[in-house]
Amino acid sequence: MSGLHRDPLPEARPLAAPVGFVGLGNIGLPMARALTRAGHALRVHDRDPQRMRAAEDAGMTTAPGGVKDLAGCAVVALAVSDDDATEQVLTGTSGLLAALAPGSLVLLHSTLLPATVHRLGRQGQAHGVELVDAPVSGGAQRALRGELTVMAGGSEAAMTLARPYLEAIATETVHVGPLGAGAVAKLANQLMMFSALAGAYEALDLAKAHGVDTDAVLRAVGSSTGDSWVTREWGFFEEVAAAYERSGVPRHQRSWSKDLWDVVATAREAQLPVPYAALLAQTLAQRIEHRGAEES
């Protein structure tokens, strides 16, 4: 299906009502800044007071009373750590799904299990709230520039509601299918990316063992068949790992750990063998963390 940015409809305008945004971490805060720069009024929340102060400094309105202060927003986006955090924000008697007005829209930017998305979608439907699973890819710098890639799952009606918001955070939004399809596409992306990273680590170890300079190999690969986003952005994961360590993000919540295990769990649900993903889930995180520690 074609990307949303190629939709022939007139140019999208900022949403009139404030946008609620939950989760101001490594990706969330840059996304929120991009939305603000595009003209959207934001009402934001994060459990970390320091992140809330950073949002205030960037011109956003904070919700110190918690997510219940976002109940008046017609659009709410979540960029929180994992499935548990997402469900905590949305469900239960004090959750947002029960508090939002019918016709509201919730966008899920976290990398989630498809089963979690489907479960939340059913609960949202019971409250008259539309959901779009809209995981993102590109990193913090692209997030700040509003140049992310979004893999979106949801109904056509929900995508129409989401369009002005998505055009502020992404240069490429691909509507991959119904609700839950975005989560599957993001896990597929993560498996491809981390497979390339594991191969690059071993390849450069091989070069180093024979006295060949790493930078020279990367330059050669840049115009060869071994080229990939991983080799073009060499050092990206070590920098992210070091940043996670400084900010205290638990290691089991970091993408190279959580997402690979989610791939295995999702494949098991479909009775699909993924032996390479299983191996990466058990080996890659330790290697990234070790290299990140060397960078910090």
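Helices here are DSSP runs of H or I with at least four residues, numbered from the N terminus. This is a predicted model: local features need pLDDT of at least 70, side-chain atom pairs count only at pLDDT 80 or more, and totals for chains, interfaces and linings use all residues. Residues are numbered from 1 along each chain as its sequence is written, and side-chain values use heavy atoms, with hydrogens and water left out.

The expected span of a helix is 1.5 Å times one less than its number of residues.

| Helix | Residues | End-to-end C-alpha distance | Expected span |
|---|---|---|---|
| α11 | 236-247 (twelve residues) | 17 Å | 16 Å |

Just after α8, Gly 211 has a positive phi of about 80 degrees.

Within α11, the buried residues are Phe 237, Glu 238, Val 240, Ala 241, Ala 242 and Tyr 244. Buried means under 20% relative accessible area, exposed over 50%, and partly exposed in between (1.4 Å probe, protein chains only).

The structure holds seven aromatic pairs. Trp 229 and Phe 236 make an edge-to-face pair, 5.0 Å centre to centre with 75 degrees between the planes. Phe 236 also pairs edge-to-face with Phe 237, at 5.1 Å and 90 degrees. Rings of Phe, Tyr and Trp (its six-membered ring) pair if their centres lie within 6.5 Å; planes under 30 degrees apart count as stacked, over 60 as edge-to-face and the rest as tilted.

Trp 229 is partly exposed at 29%. Phe 236 is partly exposed at 24%. Phe 237 is buried at 5%. One aromatic cluster takes in Phe 194, Trp 229, Phe 236, Phe 237, Tyr 244 and Trp 256.

Key: Helices (H or I, at least four residues) and strands (E, at least two) are DSSP runs, numbered from the N terminus.
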